[in-house]
Amino acid sequence: MDTTLCAVLKAREVLQDVTPLNADCGRFCGAACCAGDDETGMLLFPGEAPLYRDCAFGRVIPANFSLGGKPARLFVCGGSCARSERPLACRIFPLLVSPQPQGASLRMDPRSAGVCPLYGSGLSGLAPGFRDAAGRAAEILAEEPECRRFLQDLSRQLEL
Ligand code: SF4
Ligand code: SF4
């Protein structure tokens with residue numbers, strides 16, 4: 001397995017059992033972040049797309065932009081999934097990882113602003129266990145060169 005996929009799978013594993021709140025936050029919003037349509041989806045991290053080649057609950061579509069010098073891909077689902085197989089972006093939402101000269105920082109993902117009721121409370125409104133796990137996942141991703149480039153580019157594009 002290449003080092004990029006290995007880092008992404010490690011980050012996914014770290015975030016496997018945590019959720020943004022200790023309660024089921026989807027009850028407050030009707031699971032708004034899972035309610036995409038045929039054209040919107042969750043951004044796949046480098047190396048993730050082939051994992052969904054024969055997926056029963058969703059499919060991969062091309063995005064109309066590139067990240068880290070490579071065409072980006074989105075995962076479009078029907079609003080339910082096998083939790084252990086959900087993409088990394090679903091596990092990190094509503095946070096965004098921003099690589100720093102040393103390690104990485106977390107902030108609320110601006111794409112969650114119009115979707116997620118937790119956006120307004122910021123980082124301090126999220127469950128400590130979720131924040132800690134997201135911080136560990138961020139460090140893993142920032143150490144891997146392709147994931148780092150992908151996240152740097154994503155942070156830059158979201159600031160435009
Ligand atoms: S939109 Fe926010 S509050 Fe709603 S399910 Fe997703 S993460 Fe939880
Ligand atoms: S893959 Fe699962 S967690 Fe991700 S958007 Fe679809 S239903 Fe929600």
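The legends below describe several close-up views of one predicted model.

In this predicted model, local features need pLDDT of at least 70 and side-chain atom pairs count only at pLDDT 80 or more, whereas totals for chains, interfaces and linings use all residues. Residues are numbered from 1 along each chain as its sequence is written, chains are lettered from A and ligands numbered from 1 in the order in which they are written, and side-chain values use heavy atoms, with hydrogens and water left out.

**View 1**
Helix H4 covers residues 128-143; helices (H or I, at least four residues) and strands (E, at least two) are DSSP runs, numbered from the N terminus. Its 16 residues reach 23 Å from the first C-alpha to the last, close to the 22 Å expected at 1.5 Å a residue, where the expected span is 1.5 Å times one less than the number of residues. Phe 130, Ala 133, Ala 134, Ala 137, Ala 138, Leu 141 and Ala 142 are buried in H4, and here buried means under 20% relative accessible area, exposed over 50%, and partly exposed in between (1.4 Å probe, protein chains only). These residues cover an arc of only 165 degrees around the axis, which puts them on the same side of H4; the arc is that of the directions from the helix axis to the C-beta atoms. The buried residues of H4 pack against helix H1 (3-14), helix H3 (88-92), strand S4 (95-99), strand S5 (104-108) and helix H5 (145-159), and contact means heavy atoms within 4.5 Å.

**View 2. Phe 130 in helix H4.**
Phe 130 lies in helix H4, and this residue is buried, with a relative accessible area of 1%. Leaving aside its neighbours within four places in sequence, Phe 130 is in contact with Leu 15, Val 18, Thr 19, Pro 20, Arg 91, Ile 92, Phe 93, Pro 94 and Leu 95. Although Phe 130 and Arg 12 are 118 residues apart in sequence, they are 12 Å apart in space, C-alpha to C-alpha.

**View 3. Helix H1, with a buried and an exposed face.**
In H1, the buried residues are Thr 4, Leu 5, Ala 7, Val 8, Ala 11 and Arg 12. They cover an arc of only 160 degrees around the axis, which puts them on the same side of H1, while the face turned away from this buried side carries the exposed residues Thr 3 and Glu 13. The partners against which the buried residues of H1 pack are H3, H4 and H5. At the start of H1, a side-chain oxygen of Asp 2 reaches to within 3.0 Å of the backbone nitrogen of Thr 4.

**View 4. Helix H5 and its partners.**
The end C-alpha atoms of H5 are 21 Å apart, which agrees with the 21 Å that its 15 residues should span at 1.5 Å a residue. Cys 147, Phe 150, Leu 151, Asp 153, Leu 154 and Ser 155 are buried in H5, and the buried residues of this helix pack against H1, S1, S2, S4, S5 and H4. At the start of H5, a side-chain oxygen of Glu 144 reaches to within 3.0 Å of the backbone nitrogen of Glu 146.

**View 5. The nonpolar cores.**
In soluble globular proteins, nonpolar side chains tend to be buried together. The largest nonpolar core here has 39 residues, and those with the most contacts inside it are Leu 15, Phe 45, Leu 88, Ile 92 and Leu 141; such a core is a set of buried Ala, Val, Leu, Ile, Met, Phe, Trp, Tyr and Cys residues joined through side-chain atoms within 4.5 Å. The largest share of this core, seven residues, comes from H4. A second, separate core of five residues includes Leu 44, Cys 55, Phe 57 and Phe 75.

**View 6. A sheet of three strands.**
An open sheet has three strands in the order S1-S3-S2, with antiparallel pairing, and two strands pair if DSSP finds at least two bridges between them. S1 and S2 stand at the edges, each with a single partner strand, so one side of each is left without a neighbour in the sheet. Seven bridges join strand S2 (residues 58-67) to S3, and Leu 67 stands opposite Lys 70. S2 and S3 form a hairpin with two residues between them, and Gly 68 in the turn has a positive phi of about 60 degrees.

Notes: Polar contact = N/O pair within 3.5 Å; in protein donor to acceptor, adjacent residues only side chain to side chain.
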